[in-house]
Amino acid sequence: MTTTNLERTIAQHLLNIQAVALRPNEPFTWTSGMKSPIYCDNRLTMSYPEIRDAIAEGFASLVKQYAPDAEVIAGTATAGIPHAAWVADKLGLPMAYIRDKAKGHGKQNQIEGIIRPGQKVVVIEDLISTGGSSLKAALAVKEAGAEPLAVLAIFSYQLEKATSAFEEAGIPLRTLSNYTALTQTALDHGVIQAEDMDVLQAWRHDPTTWGN
Ligand SMILES: O=P(O)(O)OC[C@H]1O[C@H](OP(=O)(O)OP(=O)(O)O)[C@H](O)[C@@H]1O
Ligand SMILES: O=C(O)c1cc(=O)[nH]c(=O)[nH]1
């Protein structure tokens, strides 16, 4: 699979700040319950002004290219929130954020900030594994009577489960980087070795049963 310069550049940023961890012998448990030898902590990008700005620039370009009539930028709680704020700021658009479920107290909102019925919304997520979290956010947008134009994320594992879930939901997904670019960049720069790549490929081949 070919990768773009931007996909490799963002991958390189993630590797430089050690956002990517490999733990084949003590697999990570993801939010979906899946087990994985790899974890990508994109939250670390917040702490690097130049990198978070490159991400915000990348997202702003994707909005201009694929959702030029966006009226609201909505971040997914929690990791999508800061990136949504920086993108909304760059584009001079309103920002909101979407909780994974409605609060159990106060106003019991799932959406914080304003998303009005009929408004066109771009959802910003930090990372796509199964796509469950961001599609749940997009559904909340629909339930508010608004229109989710697209989900944008920093990184996707490019899992078939996510691809088919986005297709089924009829919501476009665009990302700044992905698993192909990350693993290739890591291998090219000696961050991972051939034997790590073997583990990653075995996992990637059958991620749902790997490690069980
Ligand atoms: O595509 P999915 O299978 O839904 O997985 C990706 C989600 O998992 C992580 O969130 P997490 O639940 O760890 O919460 P956080 O954003 O509050 O850190 C990540 O930030 C995404 O939102
Ligand atoms: O699926 C997840 O929960 C997940 C995977 C990953 O690599 N990074 C992350 O923050 N969450």
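Two residues are in contact here when heavy atoms of theirs lie within 4.5 Å. With that in hand, you can start with the whole chain of this predicted model. Of the contacts with a separation of 6 or more, 62% are between residues 24 or more positions apart. For the chain's 212 residues, a compact globule would have a radius of gyration near 17 Å, and the chain agrees because its own value is 17 Å. Along the principal axes, the C-alpha atoms fill a box of roughly 50 × 35 × 30 Å.

Buried residues account for 44% of the 212 in the chain. The chain exposes about 10600 Å², and 49% of that area is supplied by carbon and sulfur atoms.

Next, the secondary structure, which comes to 7 helices and 10 strands. Six of the strands form an open sheet, and you can follow them in the order E7-E6-E5-E8-E9-E10, with mixed pairing. At the edges stand E7 (111-112) and E10 (173-178); each has a single partner strand, so one side of each is left without a neighbour in the sheet. Elsewhere in the sheet, E5 (residues 72-76) and E8 (residues 120-128) run parallel and are joined by 4 bridges. To find your place there, look for Ile73, which stands opposite Val122 in E8.

Helices pack on this sheet too. One of them is H3 (residues 81-91), which touches E5, E6 (95-98), E8 and E9 (147-156). The direction of H3 makes about 165° with that of E5. Helix H6 (residues 179-188) also packs on the sheet, touching E9 and E10. Its direction makes about 5° with that of E10.

Technical notes
Residues numbered from 1 in each chain as written. Chains lettered and ligands numbered in written order. Predicted model: local features only at pLDDT ≥ 70, side-chain atom pairs only at ≥ 80, totals over all residues. Heavy atoms only, no water. Pairing = 2+ DSSP bridges. Helix = DSSP H or I, 4+ residues; strand = E, 2+ residues; numbered from the N terminus. Axes fitted to C-alpha atoms, helices over the stretch in contact; angles between N-to-C directions. Rg over C-alpha atoms; globule rule 2.2 N^0.38 Å. Buried < 20%, exposed > 50% of the residue type's maximum accessible area, 1.4 Å probe, protein only. Areas by Shrake-Rupley, 256 points an atom, 1.4 Å probe, with all protein chains shown as cover.
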